[in-house]
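Welcome to my notebook. I went through this structure one piece at a time and jotted down what I looked up.

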Amino acid sequence: MITDLVDYLNNNLLIAHYCGFDISIPLPSYWTFDRFLKNFDNEILSEIMKSQVQFLAHKGIVDSSFIGLDSTPIAANTSHNNPKSFLSNKFMPGHQPKADTDCKLGVHTASNQTNEKKFQFYWGYKNHVLVDCISGLPVYEITTTANVSDSAVALDILADTHSFLPITECNFLADKGYDVKNIYNQVKELYDGECIIPLNKRNTKNPKLLPQGNPVCGAGLAMWKDGKFSDRNRTRQKFCCPLKSSKDADCPCHHKNFYNGKKHRGCTKHITIPDDLRLALDRDSKYFKSKYSLRTECERYNSRFKSTGQERMWVRNKSSVTNLNTLAHISLLAVAVAAITTKSGQSYRKLKSIKRTA
């Protein structure tokens, strides 16, 4: 917090001198630092971060061959996020916290297990970070409110990154929150890259299929193909009941549509034909699994990012939150720059190791 920073600088004047302060006069007060965080132009901090990334790329540390995108929820400094608060309407969209008028209502999963559907609501922001999955270092970051979906900013992040660090022929790794058809197409068309993203089934059902690809009806009979049709930019194969043209046959499971008195009777099923990059990707192959395993570097970096104190904010406006997030990424990149520059042999990911050498 700012109070801790002010106390630290006043008790360590040599550090304050190295930071550029004139120690012959009183150091800036609490409110001076508070106004700085709120009014400082974030573009300047972004340019500093870009210069760090370009320096590490020139040294061969950062590479864009395997890049992963993930978001970190950041809780706003408001009593609505207090688990001990018993307000019944604290997570209602219209009940905006008075302490922070910039934050928005968001939701994040509380468990990484695929068979558990646990989630939590919160008021706050999101920090979207593009990470080099080989070195585990950040490449680009952006802060949004909590109501912005992950997939909505993915293409903008890739475009901004490509402006200073080419991502041509990259492997784009992300979780199923980024499983959007437009992302697959843009990465392939613009950057000649490949998306390694799990399939988000979106409450779709998996029908039982025979080895030939035909589904099985409720009576256990193989269904017949009954033409194709296009719907919402997708091609679907229709399957019909094998007994629909029979005059004397009776449905073994007594399906209600079999006795409707129409010519086209019986049950029908539709299967989407994988004619796009999203559905054509074989997610059960070793090729996919080996590449997707690199995405754990995003989780590791998010853990280091949260250890800087960014998981729960103490400021109360979006501008200050954005600047603090960028400063945290700059600090973690500075660890890597110091390790490379000093040639100390220390890890460029561990802050404590660099502190010991200093």
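**Entry 1: a hairpin and its sheet**

I began with S7 and S8, which form a hairpin with 4 residues between them; in the turn, Arg232 has a positive phi of about 55°. The names follow DSSP runs numbered from the N terminus: helices are H or I with at least four residues, strands are E with at least two. I kept in mind that this is a predicted model, where local features need pLDDT of at least 70 and side-chain atom pairs count only at pLDDT 80 or more, while totals for chains, interfaces and linings use all residues. Residues are numbered from 1 along each chain as its sequence is written, and side-chain values use heavy atoms, with hydrogens and water left out.

Next I asked which strands make up the open sheet. I found 3 strands in the order S7-S8-S9, with antiparallel pairing. Strand S7 (224–230) and strand S9 (268–272) are the edge strands, each pairing on one side only. On average, neighbouring strands here are turned by 25° against each other, direction ignored.

I then checked the pairings (two strands pair if DSSP finds at least two bridges between them). S7 and S8 are antiparallel over 5 bridges, and Trp224 has Cys240 in S8 as its bridge partner. Strand S8 (residues 235–240) also pairs with S9 in the antiparallel sense, over 5 bridges; here Cys240 has Thr268 in S9 as its bridge partner.

**Entry 2: two helix pairs**

For angles, I used axes fitted as lines to C-alpha atoms, for helices over the stretch in contact, with values from 0 to 180 degrees between N-to-C directions.

Helix H9 (residues 296–310) and helix H10 (residues 318–342) pack at about 120°, their axes 10 Å apart. H9 is therefore oblique to H10 (under 35 degrees is roughly parallel, over 145 roughly antiparallel, 65 to 115 roughly perpendicular, the rest oblique).

I also looked at helix H5 (residues 154–162) and helix H6 (residues 181–191), whose axes come within 10 Å and cross at roughly 20°. That angle makes H5 and H6 roughly parallel to each other.

**Entry 3: a cavity**

How many cavities of 30 Å³ or more are there? I counted 1 (a cavity is a set of points on a 1 Å grid over the protein atoms alone where a 1.4 Å probe fits but cannot get out). The largest cavity holds about 40 Å³ of space, the volume being that filled by probe spheres set on the points, which are joined across faces, edges and corners. Its lining residues (an atom within 4 Å of a point) include Cys217, Leu243, Pro252 and His255.

Conventions:
1 Å grid on protein atoms, 1.4 Å probe; cavity = no way out; pocket = protein on both sides within 12 Å on 5 of 7 lines; lining within 4 Å.
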